[in-house]
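Q: Could we go through this structure one feature at a time, with the general idea stated before each case?

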Amino acid sequence: MLTSRTSPSACSRLHVTYRRNTLRHAVRTHNAKTYCKFLPHERTASFTRYRPIVHIPIGHDREVFQLRATAKERSHTEVPQGVESLCTALVRRDTTLDDVPGIMAAGMSGVSGSSENQALLIVLAEQRGSLDLALAVFSWFEQQQSPLVAPSVIVFNGLLAACANSQAWERALQTREHMRACGVVGDATTYSLLLRALKTNNADWRKAMEVFRDMKEEGLTPTQSDFKAYITACAKGRQWERAAEGLQEMEAKAGRVDATTYNVVILALKRGRQWDKVAELFQRMQRVEGVEPTVVTFNAVMSATVKSGRWQEAAPLLEEMAARGIVPNTVTYNIIIAACERGGQWEKAVQVFERMKESGLEPDTISYVGLMGASLRGGQLHKFWETFVAMMVAGKWRMLLRVFLGKN
């Protein structure tokens, strides 16, 4: 991760790819505009400006990928015109994978064949085309190598970045095996990209644990992003124990932990029905300086209290949110309504329902069903039918019908 101590020489090893459209991946830096001016580029041609998509850290342990950042516009830099023209030719609609060798042979005559440009072109091919196109470009570069010279780690990292962007975790693992077969030793960036690919949905958490272990055995220090990716992979694999252990190690070795990481572990504990551990981690999170709970945090904690039978504790948490200036969402109100339903507090459920509408939020099917359940439990049949009719008028019955048909 870039910090105020990062040197210009270190930043010069960062290569950035760009895209005209939405900013899917941006780098969270303390001063992105300051560091981007150190990025290398060719001054012999014109340039096209793009928005940052993903950083490829090259040869420096401190620079790592930051995933799916919520940053808005960052500073712009340039892509060499030769690389831009070649990429444009590759992603034309009438281009097939069989055309790639010919296009590459013609286009690379005016482009420096450095490892950096190769990696840049591979990532651009995936971002603007497809992973298959990126693999075809990589294969072409590999075929140009002398049999005695293996592809560099930079080029392999470019392919791993393309796999991570496409959430192709199995292909990323295959690329790692290919690296080993070629005798290429991975660096910190290699492991960061592998962990990034393995944090996607449906990935094998065991592989993430293996990569994370290998990284530490190689003497490389995991960064905050690496810890977050590993913890996320464990959480998605419903391994709440390993996610919690990863969080403890992150707190001890990686310094400050952000609210997002705490939320991931809290949600993992909730899915694992570890109600007491959810409350403990919530309290621990609040003691960390500079880390504030979010609406996701409160929703998870409130849901855990309701499911554990301590429904009385949910309403005070809503008031605590208001005191902290955190705006509740529809999920928040639905949880409170569910708590009122369990406690037979139908009048309180009505109040929460009306409060939700007054705040400008539109009740969803869960909101109406929760209020209907609270009314029935409270013996208020007239309120039940009143809510049912309101749900029909609001058109929420369609979702209810889909749920019913899906269960039968």
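A: Let us begin with surface patches, which are made of residues with over 30% relative accessible area and no salt bridge, like charges being joined within 9 Å and nonpolar side chains (Val, Leu, Ile, Met, Phe, Trp, Tyr) within 5 Å. A salt bridge is a side-chain nitrogen of Lys or Arg within 4 Å of a carboxyl oxygen of Asp or Glu, and accessible areas come from the Shrake-Rupley method with a 1.4 Å probe, only the protein chains shown counting as cover for residues. Here Leu376, Leu381 and Trp385 make a nonpolar surface patch of about 340 Å². This is a predicted model, in which local features need pLDDT of at least 70 and side-chain atom pairs count only at pLDDT 80 or more, while totals for chains, interfaces and linings use all residues. Residues are numbered from 1 along each chain as its sequence is written, and side-chain values use heavy atoms, with hydrogens and water left out.

Q: How many helices and strands does the chain have, and what percentage of its residues count as buried?

A: Helices (H or I, at least four residues) and strands (E, at least two) are DSSP runs numbered from the N terminus, and the chain has 21 helices and 3 strands. Buried means under 20% relative accessible area, exposed over 50%, and partly exposed in between (1.4 Å probe, protein chains only); of the 408 residues, 49% count as buried. The accessible surface of the chain comes to about 20,000 Å², and 50% of that belongs to carbon and sulfur atoms.

Q: Why is helix 15 described as largely enclosed by the rest of the structure, and which helices do its buried residues pack against?

A: Helix 15 is largely enclosed because 11 of its 13 residues are buried, among them Phe298, Asn299 and Met302. Its buried residues pack against helix 13 (259-271), helix 14 (275-286), helix 16 (314-324) and helix 17 (330-343), where contact means heavy atoms within 4.5 Å. The expected span of a helix is 1.5 Å times one less than its number of residues, and helix 15 (residues 295-307) reaches 18 Å from its first C-alpha to its last, close to the 18 Å expected. Just after helix 15, Gly309 takes a positive phi of about 95°.

Q: Where does a positive phi occur in a residue other than glycine?

A: Most residues other than glycine have a negative phi. Asn202, however, has a phi near 70°; Asn202 lies in the loop between helix 9 (188-198) and helix 10 (205-217), and is exposed, with a relative accessible area of 74%. Arg273 likewise has a positive phi, of about 60°, and lies in the loop between helix 13 and helix 14, where Arg273 is exposed at a relative accessible area of 56%.

Q: How many aromatic pairs does the count come to?

A: Rings of Phe, Tyr and Trp (its six-membered ring) pair if their centres lie within 6.5 Å, and planes under 30 degrees apart count as stacked, over 60 as edge-to-face and the rest as tilted. By this rule the count comes to 8 aromatic pairs. One of them is the edge-to-face pair of Phe212 and Phe227, at 5.3 Å centre to centre with 65° between the planes; this pair links distant parts of the chain, with Phe212 in helix 10 and Phe227 in helix 11 (residues 224-236), 15 residues apart. Phe212 counts as buried at 3% relative accessibility, and Phe227 as buried at 1%. Trp385 and Phe388 also form an edge-to-face pair, at 5.7 Å centre to centre with 85° between the planes, and both lie in helix 20, 3 residues apart, about one turn of the helix.
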